[in-house]
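These are my notebook entries on a single model, kept in the order in which I looked things up. The sequence and the structure come first, and the entries follow.

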Amino acid sequence: MGYAYDYQLLIRHILEYGVNYAPKQEIVYRDLHRYTYKDLYNRVHRLANALEELGVKKGTRIGVLEWDSHRYLECYFAIPCMGAVLHTVNVRLSPEDILYTIQHAEDEVILVYKDFVPLMESLRSKLPKVKHYIVMTDDKMPETNLTDLEYEEMIKKASKDYEFPEFSENTMATLSYTTGTTGRPKGVWFTHRKLVLHTLSGCIAMTGIRSPLRLKDDKEVYMPLTPMFHVHAWGIPYMMWLMGIKHVYPGRYEPMMIVKLVLSEGVTYTHCVPTILQMIVDNLPEGFKFNGWKMLIGGAKLPEGLAKRAREKGIYTMAAYGMSETCPALTGAFVKPHLLDLPMEDMLKMSVKTGIPFPLVYVRVVHDDFKDVEKNEKDMGEIVVRAPWLTDGYLNDEEKTKELWAGGWLHTGDIAVMDSEGYVTIVDRLKDVIKSGGEWISSLTLENLLSLHPKVKEAAVVGVPDEKWGERPLAVVVPMNENLSEEELRNHLLKFVEQGVITKWAVPDKFIFVRELPRTSVGKIDKKNIRKMVAESFKK
Ligand code: AMP
């Protein structure tokens with residue numbers, strides 16, 4: 001006993017594998033930089049040397065404020081591989097919340113893209129624990145009294161020879177904060193072991209499991225359109241690196257730059273929230289069509305109407321589900337082999353379901369007493385999950401951790417139904433579901449049905465207080481440019497009442513038309529703000 005090498009699942013092994021397999025593969029940043037995997041590998045080692053020189057040690061927490069870039073990818077590797085902790089700061093939070101997360105994370109070093117330098121200058125006096133700031137920029141160093149350290153200069157000066165240390169796979173690798181709209185953001189963290197297993201499962205799901213998005217070969221080209229601060233871009237950069245696939249990073253999201261990169265670099269695979277897909281579909285010139293761009297859509301329900309419109313523009317979509325607490329992969333609308341022959345229309349319906357688990361994930365939908373729901377697409381319960389990569393808990397918050405893990409299953413707070421094949425469909429957040437006269441009305445189902453109306457661009461449904469029924473649904477609708485009336489929408493929904501898809505109680509009493517919907521820091525529809533907006537409009 002004790003002779004064998006005690007192999008630890010470290011992110012370093014992902015880094016090593018990718019560069020050995022595909023040293024000449026490319027990493028592209030906007031129309032500015034083009035590196036090979038080998039160049040990036042060397043830059044990762046240079047960054048580690050530079051950080052070590054600043055005093056970074058095992059356990060040092062390092063905050064990064066940056067758009068999606070090759071530099072961020074370098075941080076994804078260098079920081080955890082040194083044994084330090086990568087805190088992916090959500091730059092879309094309010095300044096107070098950004099301050100709170102950096103303080104709470106106890107960051108000692110901050111890497112900051114030039115756009116966020118003024119913000120850090122304003123917060124600096126409240127961050128005595130931060131010893132160093134390093135500015136990242138695409139051109140010259142901005143004028144600032146924050147620091148004179150510049151990322152590219154540091155990389156240039158540092159040696160590429162660096163030996164990443166061995167340590168326990170249970171070492172914290174990354175730290176990020178929930179983007180929830182209630183209370184302060186909560187810290188969630190992942191170890192090397194969790195990230196490595198998450199990466200392996202994701203690679204199998206993308207290549208070995210049937211789906212409209214299955215990767216064909218290493219000629220695929222990857223571009224994230226999920227901010228890299230949002231649960232490490234869903235862990236997908238690690239998966240793509242392991243598979244030796246070309247990466248294209250768009251920097252700050254600008255529609256023209258995105259379309260240009262997709263066309264010039266031949267991007268085939270992207271992931272984003274529905275809002276980004278909506279933005280792309282809405283801004284394409286009449287008659288324009290992509291040549292089969294695959295898009296994994298997560299973070300919120302993918303409305304069927306949007307999936308259809310995207311398909312017409314040559315974009316293939318599939319829904320996936322996860323949350324900050326879960327690394328995030330939980331389920332995807334993968335296709336079980338015996339369902340492959342379904343007609344096109346049914347396939348589309350299936351591709352917007354929340355889906356079936358990624359390899360190694362257990363998903364249950366349960367009632368309060370932990371009894372599983374009936375698999376009849378009607379019986380609703382909460383999704384609870386187990387997987388090797390779920391967060392152990394919220395940083396320094398035992399009470400919330402205990403609630404999260406009550407009964408040994410991670411509680412997602414998402415209400416769902418299950419079909420006879422085991423496909424899950426989320427119908428609401430526990431806190432968003434509309435409780436009307438003893439019945440639960442699903443806001444997501446209503447939003448989905450409204451999205452199928454040809455004159456509806458987007459819709460959000462919330463519950464509003466009602467003396468008689470407790471709550472009643474109200475729909476806030478963004479119309480396409482034509483005139484759209486309440487009556488048209490009511491008649492549209494009544495068709496689904498006739499088909500038994502929804503009950504007549506689910507049809508909203510009131511529809512409000514707006515030009516756009518409020519969004520959260522990661523681009524999801526912000527229901528809390530919509531409720532506020534609606535309450536104010538009632539007061540008037
Ligand atoms: P976040 O922690 O910000 O990533 O948010 C996670 C939450 O987003 C989940 O708990 C769900 O409520 C929602 N969500 C993520 N993916 C989906 C999906 N495919 N369908 C519906 N809701 C989703």
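**Entry 1: a buried arginine**

I began with R309, which is buried yet has no salt bridge, the nearest side chain of opposite charge being that of D282, 5.0 Å away. By buried I mean a relative accessible area under 20%, with exposed meaning over 50% and partly exposed in between (1.4 Å probe, protein chains only). A salt bridge here requires a side-chain nitrogen of Lys or Arg within 4 Å of a carboxyl oxygen of Asp or Glu; as to charge, Lys and Arg count as positive and Asp and Glu as negative, while His and the chain ends are not counted. I am working on a predicted model, in which local features need pLDDT of at least 70, side-chain atom pairs count only at pLDDT 80 or more, and totals for chains, interfaces and linings use all residues. Residues are numbered from 1 along each chain as its sequence is written, and side-chain values use heavy atoms, with hydrogens and water left out.

I placed R309 in helix α12 (residues 304-312), where helices (H or I, at least four residues) and strands (E, at least two) are DSSP runs numbered from the N terminus. What does the side chain of R309 reach? I found the backbone oxygen of K457 at 3.3 Å, which falls under the polar contact rule (a pair of N or O atoms within 3.5 Å; within protein, one must be able to donate a hydrogen and the other to accept it, and residues adjacent in sequence count only if both atoms are side-chain atoms). Leaving aside neighbours within four places in sequence, I listed Q278, V281, S451, V456, K457 and M480 as the contacts of R309, contact meaning heavy atoms within 4.5 Å.

**Entry 2: helix α15**

The buried ones are S443, L444, L446, E447, N448, L449, L450 and S451. At the start of α15 I noted that a side-chain oxygen of S442 comes to within 3.4 Å of the backbone nitrogen of L444.

**Entry 3: salt bridges**

How many salt bridges does a search of the whole structure find? It returned 33.

D509 belongs to the loop between α16 (486-498) and β24 (510-513) and R472 to strand β23 (residues 470-479), so the pair ties together parts that are 37 residues apart in sequence. Here D509 is partly exposed, with a relative accessible area of 45%, whereas R472 is buried at 7%.

Within helix α16 I found R490 and E486, 4 residues apart, about one turn of the helix, with their side chains meeting in a salt bridge of 3.1 Å, N to O. I also recorded a network of salt bridges that links E26, R34, K246 and E265.

**Entry 4: aromatic rings**

I counted 13 aromatic pairs in the structure. Rings of Phe, Tyr and Trp (its six-membered ring) pair if their centres lie within 6.5 Å, and planes under 30 degrees apart count as stacked, over 60 as edge-to-face and the rest as tilted. Y17 and Y21 are stacked, at 6.0 Å centre to centre with 20° between the planes, and both lie in helix α1 (residues 11-21). Y17 is partly exposed at 47%, as is Y21 at 43%.

Y72 and Y76 are edge-to-face, at 5.5 Å and 80°, and both lie in helix α3 (residues 70-81). Are they buried or exposed? Y72 is buried, with a relative accessible area of 0%, and Y76 is buried at 0% too. Both belong to one aromatic cluster, together with Y37, F77, Y238 and W241.
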